[in-house]
Amino acid sequence: MLIERREAAILIVAVALFVYFTVASANFLTVANLQNLSQFVGPVAVIGAGEVMLLVCAEVDLSAGTVFVFMPFVVYYANQDLGLPMLVAIVVAVIVAGLVGALNGIVTTSLNVPSFITTLGMLFALDGIMLVSSNAAQLTMPTSGTLSNIFGNYGWSEIIWSVVLVGIMYVVLNRTRFGMHTVAAGGNLVGASEAGVPVNRVKIWCFVLCSALSGLIGIVDATRITVLDPGNPGTQEMFYAIAAAVIGGTALTGGSGTVLGAFVGALVLGVLFVGLTIVGISANAFVLILGVAILGAMIANVQLAKFAQKRRMPS
């Protein structure tokens, strides 16, 4: 049944909000507005997909937003200072993002430092490197014709990238042995270890995936915007992504999560943000609504989980 799926509640909310703003304003369904909506949803959904992998195995990455902002700087340095072709520079930046995730994972699993602390430290470290390396000055993202269109200049690039990447992560989490191990690591750490699941290795790879996804979609977003701002630590993107994951049905306690739900959660946030602006309501109200939405989603998720559990119990 649809009601038993973790995405059910937020999907109903998404449809209701879309219908409401469509009726409330004739400008909501314009091409320009839908493009703005897609550009909000894309990064949040992709970073959210990475966060889902970590939340499922009972970890979190607070540095994902900073990776999102910093990797375009790496592309700039690799292309402008080292003279690497743009495609190679992009590949290098994604690899660097993955290495940041690997470091987060190794510190968390090997040294038993809570991921909250590990990634908080990485957030500040990357922010500092970004500020020092750029002398706190804005830079301009390099362009390269067709490649730039693929990586952001085309108005729908971000939503296309997000659909592809979220689709891949959906398959990884739900259709692969790695995904099964990820759920096991978060659901029952001791039991998973005793069953032979390489828990630490799984968690490290989840950190790598989260950072690599964040870095890649950050490059796409920066190619569209063109301005690289070292004064932006990326915390807003990170919190939106975690919020999307949570309201989409991913449990903060580990062992349960949905990449598709995170995508729908990002869509809800985007519809709210863009819709409130279209109908003339202050964007400040978005923050209040976001807080209520997170709390409401958590309550709904708990109740849906209880409902599903009761249905599975024998009469």
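Of the 315 residues in this chain, 50% count as buried, where buried means under 20% relative accessible area, exposed means over 50%, and partly exposed is in between, with a 1.4 Å probe and protein chains only. Before I go on, this is a predicted model, so local features need pLDDT of at least 70 and side-chain atom pairs count only at pLDDT 80 or more, while totals for chains, interfaces and linings use all residues. Residues are numbered from 1 along each chain as its sequence is written, and side-chain values use heavy atoms, with hydrogens and water left out.

Now the overall form. The chain has 13 helices and 2 strands; helices (H or I, at least four residues) and strands (E, at least two) are DSSP runs, numbered from the N terminus. Its C-alpha atoms fill a box of roughly 70 × 55 × 30 Å along the principal axes. The radius of gyration is 20 Å, which agrees with the value near 20 Å for a compact globule of 315 residues. That radius is taken over C-alpha atoms, and the globule rule is 2.2 Å times the number of residues to the power 0.38. A contact here means heavy atoms within 4.5 Å. Among contacts between residues at least 6 apart in sequence, 80% join residues at least 24 apart.

Let's go inside. In soluble globular proteins, nonpolar side chains tend to be buried together. A nonpolar core is a set of buried Ala, Val, Leu, Ile, Met, Phe, Trp, Tyr and Cys residues joined through side-chain atoms within 4.5 Å. In this model the largest one has 90 residues, and Met 71, Phe 73, Val 75, Phe 151, Ile 219 and Leu 269 touch the most other members. Helix H2 gives the largest share of this core, 13 residues. Which residues does Phe 151 touch, not counting those up to four places away in sequence? They are Ile 90, Trp 161, Leu 216, Ile 219, Val 220 and Thr 223.

Next, the largest pocket, with about 420 Å³ of space. A pocket is an open set of points on a 1 Å grid over the protein atoms alone, where a 1.4 Å probe fits, with protein on both sides within 12 Å along at least five of seven lines; lining residues have an atom within 4 Å of a point. Of its 21 lining residues, Phe 68, Asp 221, Arg 224, Ile 225 and Glu 237 are the closest to the centre. At least two lining residues come from each of helix H2 (31-56), helix H3 (64-81), helix H10 (199-225), strand E2 (227-228) and helix H11 (235-247). By class, the lining has 12 nonpolar, 5 polar and 4 charged residues.

Thr 108 sits in helix H4, residues 86-110. Is Thr 108 buried or exposed? Thr 108 is buried, because its relative accessible area is 7%. Its contacts include Glu 59 and Phe 207.

Ala 58 is in the loop between H2 and H3, and Thr 226 is in the loop between H10 and E2. Ala 58 is partly exposed at 39% relative accessible area, and so is Thr 226 at 26%.

Last stop, Ala 184, in helix H8. Ala 184 and Gly 152 are 32 residues apart in sequence and 36 Å apart in space, C-alpha to C-alpha.

Technical notes:
Points joined across faces, edges and corners; volume = space filled by probe spheres on them. Nonpolar A, V, L, I, M, F, W, Y, C, P; charged D, E, K, R; others polar.
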